[in-house]
Structures are given as structure tokens and as C-alpha cells.
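Welcome! Please take a moment with the sequence and the model below, and then let us walk through the pockets and the helix packing together.

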Amino acid sequence: MMLTILLFLFLISLCVFLSIMYREPRTLWSGFSFFWVLLFLGLLIIGYLMKYSQWIVEHQGLYLALIILLIIAMILLFMFPVLVILTFFVEGIKLIRHEGFRFSNILSLLFSIGLFVYLFGFPIFFGLQQNPYLTILYGIVSTCVVYGLSVFTIFCFSAMLNLVHFTKRKNLDAIIVLGSGILGKKITPLLKGRVDAGIELLKKNPKAILILSGGQGEGEEIPESKAMYEYCLSKGVDPDRMIQENRSKNTNENLLFSRELLSGQKDRVAIVTTRYHVFRALELARLQNFRCIGFGSKTKWYFTLNAFLREFIGYIAMTWKTQAILLGILLIPWFLTILLTLRK
């Protein structure tokens with residue numbers, strides 16, 4: 001009976017997930033539904049292993065393999081917080097060494113230190129205190145941390161899912177490459193990665209045009225779109241298949257002004273940017289009611305982690321009202337606890 005229920009819940013969650021991915025994957029609902037698919041799938045597998053445990057024990061090779069996998073899974077589960085802290089700390093140090101010390105480059109480091117303090121420092125400090133208000137404070141902090149990490153996890157799932165494409169041949173009408181700044185007249189390595197990804201996608205879609213989007217920023221001698229255009233010419237791209245959008249100053253304007261250059265509302269459009277930036281760009285496009293898919297270019301791992309945290313902060317800033325309401329609902333029990341404590 002339990003296995004039937006789990007199978008039913010798994011199939012329902014899978015149908016919901018597939019429906020979201022088909023209709024509108026550019027929200028956190030995609031990652032949220034994917035989480036439930038993984039959860040019910042895991043429970044279903046455990047259920048079947050328990051049901052056929054006697055048969056598994058009788059087959060010693062399979063039984064030994066499952067025991068080894070279980071031990072590895074338990075070790076990884078136990079070590080996961082430590083691995084996360086170490087990864088973000090080490091990569092944060094690398095980023096500072098390569099890119100310099102400034103606030104935008106220390107997010108990975110701050111994240112690792114904050115997680116370490118919460119997981120190891122707070123329990124020791126609050127465990128030594130016998131103050132009910134400190135206990136409540138720890139509960140509030142824990143709720144905020146768990147909520148933040150949960151949203152971050154779902155954000156990661158959603159971002160990952162929006163990068164999955166089984167083929168680059170999508171019969172696209174337009175490919176929009178988002179600018180990211182240039183040095184004088186030359187494109188940066190980061191922007192070069194985006195343009196190269198756009199060119200590769202253009203080759204797979206012979207009917208598509210390449211829209212190079214980016215205006216002229218402070219310290220730039222020419223618009224970003226012009227620099228990207230010249231780079232594409234050097235790579236042998238047909239000039240008749242390129243359009244320059246040279247007014248935009250940010251991602252929102254990249255999408256808004258590039259859309260004005262399209263021939264119609266039903267165009268099949270892909271946007272190309274760095275992998276860590278794809279999901280938030282797609283979310284901005286969704287808010288503009290601009291239907292498109294996203295492709296990401298590669299960048300260095302230490303840079304990606306820090307930049308992805310920055311993207312997450314940007315997403316929270318975009319949706320702060322919703323996040324504040326949800327967090328406020330979760331904190332209601334603690335506020336009631338404070339009131340009851342004050343009454344005593």
C-alpha cells in the first residue's frame with residue numbers, strides 16, 4: 001500500500017514538473033517541482049529496497065554493492081556542509097588572488113565564513129547560555145538561514161534546468177548575445193566566451209540572425225555591440241546575419257531593446273550569456289513577457305561560484321516582497337513565542 005502511494009506521488013510530482021518545464025520553466029517553480037520529484041523518487045527506491053530486502057540479502061554481490069553505496073552516501077551526507085564551506089572558502093581565496101580584493105569578489109568567502117559560524121560557532125555559543133531570549137534568537141536565525149539555503153538550493157535547481165538543452169539546433173530565428181563590458185575597443189575574456197557561444201549556436205541554426213546587444217559604458221571607446229561585431233567579422237561570421245543593438249546599459253535594456261529588433265512576436269529566440277547569469281536574464285525576460293530560452297558560456301569555476309551568489313542576491317532583490325512575506329509567515333511561531341515569554 002505504501003509503495004503504491006509513493007509511486008502515485010512520484011508520478012504526480014513528475015507530471016507537475018514536466019508541465020512546468022513545458023509551459024514556463026523560467027521561475028523557481030521548476031526547481032521546486034524538481035526537488036519533489038527527487039524526494040519521491042528517493043523514497044520510492046528506498047521502499048522497493050525494503051520490500052525486496054530478503055532477495056537482495058540472498059545475492060551477496062548486490063547486497064555488498066548496496067552497503068558500499070549506502071556508506072558512501074552517509075559519508076557524503078555527513079561531510080556535505082564541510083565540503084560546501086571548504087569549496088566556497090578555497091574558491092573565494094582564489095578569486096581574490098586573481099581578481100583583487102573588493103566587495104563583489106568576497107561573496108564566496110563571506111558565505112563560507114557565515115555558514116561555518118552558523119553551523120559550528122552559534123551552537124557552541126548558544127549552548128552555553130541559559131537565556132530563553134537567546135534561544136528564541138537562535139531559532140529566528142536558524143529559520144532565516146534554513147529558508148535562505150532552501151531558496152538558494154531551489155534557485156540552483158532552476159538555473160541548472162534552464163541550461164539543459166539536448167540539441168543546439170532549435171530552428172531559432174534570433175540569437176541575442178548579452179554584453180558584459182569591454183576594455184577600450186577590445187572585448188574581455190568573459191564577453192568573448194559569450195560571443196563564441198553565440199557564434200557556435202548561429203552555425204547550428206542557419207536561419208537565425210545574431211543580435212549583439214550592448215551600449216557604450218563609462219571608460220569604453222565604442223559600444224560593446226560594435227566590439228562584438230568586429231570580433232564576429234574576424235571569426236568569419238556573415239555580416240548580413242548580424243544586427244547591433246547599441247543603446248542598452250544593463251541586462252533589462254539588453255532584452256528590451258533587442259526585442260524591438262525582432263520581426264515578430266512569435267520569433268523563436270535564444271539569449272546567450274554566461275552560465276551563472278542565464279536564469280536571472282530569463283527571469284527578466286519573463287517579466288517583460290518575452291518568450292525565449294537561454295544558453296550559457298563557460299567561465300572559471302572560482303569566478304562562477306562568486307558570481308552565482310551575486311546573481312542569487314540579485315534575484316532576491318527582484319522578488320524581495322514575495323520573499324519577505326514567505327519568511328514572515330515562517331517566523332510567526334517565533335513572534336508568538338516572544339509574546340508568550342514576555343507575558344510570563
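**Pockets and packed helices**

Helix 6 gives the largest share of the lining of the largest pocket, 9 residues. Helices here are DSSP runs (H or I, at least four residues), numbered from the N terminus. This is a predicted model, in which local features need pLDDT of at least 70, side-chain atom pairs count only at pLDDT 80 or more, and totals for chains, interfaces and linings use all residues. Residues are numbered from 1 along each chain as its sequence is written, and side-chain values use heavy atoms, with hydrogens and water left out.

About 910 Å³ of space lies in that largest pocket. A pocket is an open set of points on a 1 Å grid over the protein atoms alone, where a 1.4 Å probe fits, with protein on both sides within 12 Å along at least five of seven lines; lining residues have an atom within 4 Å of a point. Its volume is the space filled by probe spheres set on the points. The lining has 31 residues, and F88, F152, C156, L305 and F308 are the closest to the centre. Two or more lining residues come from each of helix 4 (60-99), helix 5 (107-127), helix 6 (132-161), helix 10 and helix 11 (301-318). By class, the lining of the largest pocket holds 22 nonpolar, 6 polar and 3 charged residues. In this scheme Ala, Val, Leu, Ile, Met, Phe, Trp, Tyr, Cys and Pro are nonpolar, Asp, Glu, Lys and Arg are charged, and the others, Gly among them, are polar.

Now turn to the second largest pocket, with a volume of about 720 Å³. Its lining has 32 residues, and S180, L190, R194, Y276 and F303 lie nearest the centre. Helix 7 (189-204), helix 9, helix 10 and helix 11 each supply at least two of the lining residues. Here the lining divides into 5 nonpolar, 17 polar and 10 charged residues.

How do the helices pack? The axes of helix 6 and helix 11 come within 11 Å and cross at roughly 110°. Axes are lines fitted to C-alpha atoms, for helices over the stretch in contact, and angles run from 0 to 180 degrees between N-to-C directions. Helix 6 and helix 11 are therefore roughly perpendicular, a label for angles of 65 to 115 degrees; under 35 is roughly parallel, over 145 roughly antiparallel, and the rest oblique. In helix 6, G148, V151, F152, F155, C156 and A159 meet F308, L309, E311, F312, Y315 and I316 of helix 11, where contact means heavy atoms within 4.5 Å. These residues divide into 10 nonpolar, 1 polar and 1 charged.

Helix 11 also packs with helix 4, at an angle of about 105° and with the axes 8 Å apart. Helix 4 and helix 11 are therefore roughly perpendicular too. Among the residues in this contact are F88 and L95 of helix 4 and L305 and L309 of helix 11.

Finally, the axes of helix 9 (residues 251-260) and helix 10 (residues 275-287) come within 10 Å and cross at roughly 55°. Helix 9 and helix 10 are therefore oblique to each other. T251, N252 and L255 of helix 9 make the contact with H277, A281, L284 and A285 of helix 10.
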